[in-house]
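Subject: Structure handover

Hello,

Please find the structure below, with notes on what was found in it.

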Amino acid sequence: FTKKRIKFILRRILLPLLLIYVGVGMIAAIRNMSIRNTEYAAILLSDYAIWEYDYWASPSAFLGAYIPWTYYFNNRDMKVKWFLRAKSIDLEKVIRDKDCQSIVLVGHGSLNCWQATDMLVSNLEVSAMVKGVPKKTGEWMQLSCGVEDAFPVRMGELVMEKKEKVYTYSKSI
């Protein structure tokens with residue numbers, strides 16, 4: 001590529017795409033703030049990616065997922081709360097919060113565990129988190145590998161009212 005060709009690509013392709021993305025993102029943010037319902041969806045993005053703590057992981061996932069997930073849950077009359085660099089305590093807080101009805105987990109894991117930024121959270125920890133807490137009526141989306149571990153029950157089934165609303169990958173990815 002020549003300098004002229006790079007400038008052309010930046011000016012004619014990348015800059016307009018960036019402006020469109022920022023504009024649509026602003027619309028999504030305004031729409032998210034205008035939702036009056038107290039119920040919300042929590043999206044937890046772990047920073048445990050390739051190595052133990054990757055500072056770029058959750059901001060990258062946030063940039064790629066903000067617009068579609070915000071629209072998805074806003075269309076279900078739910079606000080979205082984002083948790084970048086999510087830790088196990090963040091998962092416990094949203095599980096215990098009666099207003100949080102949907103949970104999305106992003107990061108390494110399996111059907112029975114999720115690697116939060118600080119530790120591996122398995123069905124054992126989640127079982128303790130849900131004690132005395134009513135089951136959630138929304139959706140559980142776990143974007144981690146779909147490998148079965150030691151437990152016969154998917155982690156989301158411990159939290160959600162209906163196991164049909166627990167979405168995971170069906171196999172290792």
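L14 counts as partly exposed because its relative accessibility is 45% (buried means under 20% relative accessible area, exposed over 50%, partly exposed in between, with a 1.4 Å probe and protein chains only). This is a predicted model, in which local features need pLDDT of at least 70 and side-chain atom pairs count only at pLDDT 80 or more, while totals for chains, interfaces and linings use all residues. Residues are numbered from 1 along each chain as its sequence is written, and side-chain values use heavy atoms, with hydrogens and water left out.

Surface patches

L14 lies in helix α1; helices (H or I, at least four residues) and strands (E, at least two) are DSSP runs, numbered from the N terminus. L14 belongs to a nonpolar surface patch together with F1, I6, L10, I13, L17, I20 and V24, and the accessible area of the patch is about 800 Å². Patches are made of residues with over 30% relative accessible area and no salt bridge, where like charges are joined within 9 Å and nonpolar side chains (Val, Leu, Ile, Met, Phe, Trp, Tyr) within 5 Å. Accessible areas come from the Shrake-Rupley method with a 1.4 Å probe, and for residues only the protein chains shown count as cover. A salt bridge is a side-chain nitrogen of Lys or Arg within 4 Å of a carboxyl oxygen of Asp or Glu.

Helix α1 (residues 3–34) also holds R11. R11 counts as exposed because its relative accessibility is 61%. K3, K7, R11 and R12 form a positive surface patch (Lys and Arg count as positive and Asp and Glu as negative; His and the chain ends are not counted).

Strands

Strand β1 (residues 40–45) is largely enclosed by the rest of the structure, because 6 of its 6 residues are buried. Y40, A42 and L44 point one way from β1, while A41, I43 and L45 point the other way. β1 runs parallel to strand β2 (residues 79–84), joined by 6 bridges; two strands pair if DSSP finds at least two bridges between them. L45 has L84 in β2 as its bridge partner. β1 also pairs with strand β3 (residues 100–106), again in the parallel sense and over 6 bridges, with A41 opposite S102.

Separately, an open sheet of 3 strands has the order β4-β5-β6 with antiparallel pairing. β4 (109–110) and β6 (120–122) are at its edges with a single partner strand each, so one side of each has no neighbour in the sheet. β4 pairs with β5 (residues 113–115) over 2 bridges, and C113 in β5 is the bridge partner of S110.

Regards

Methods:
The place of a charge is taken as NZ of Lys, CZ of Arg, CG of Asp or CD of Glu.
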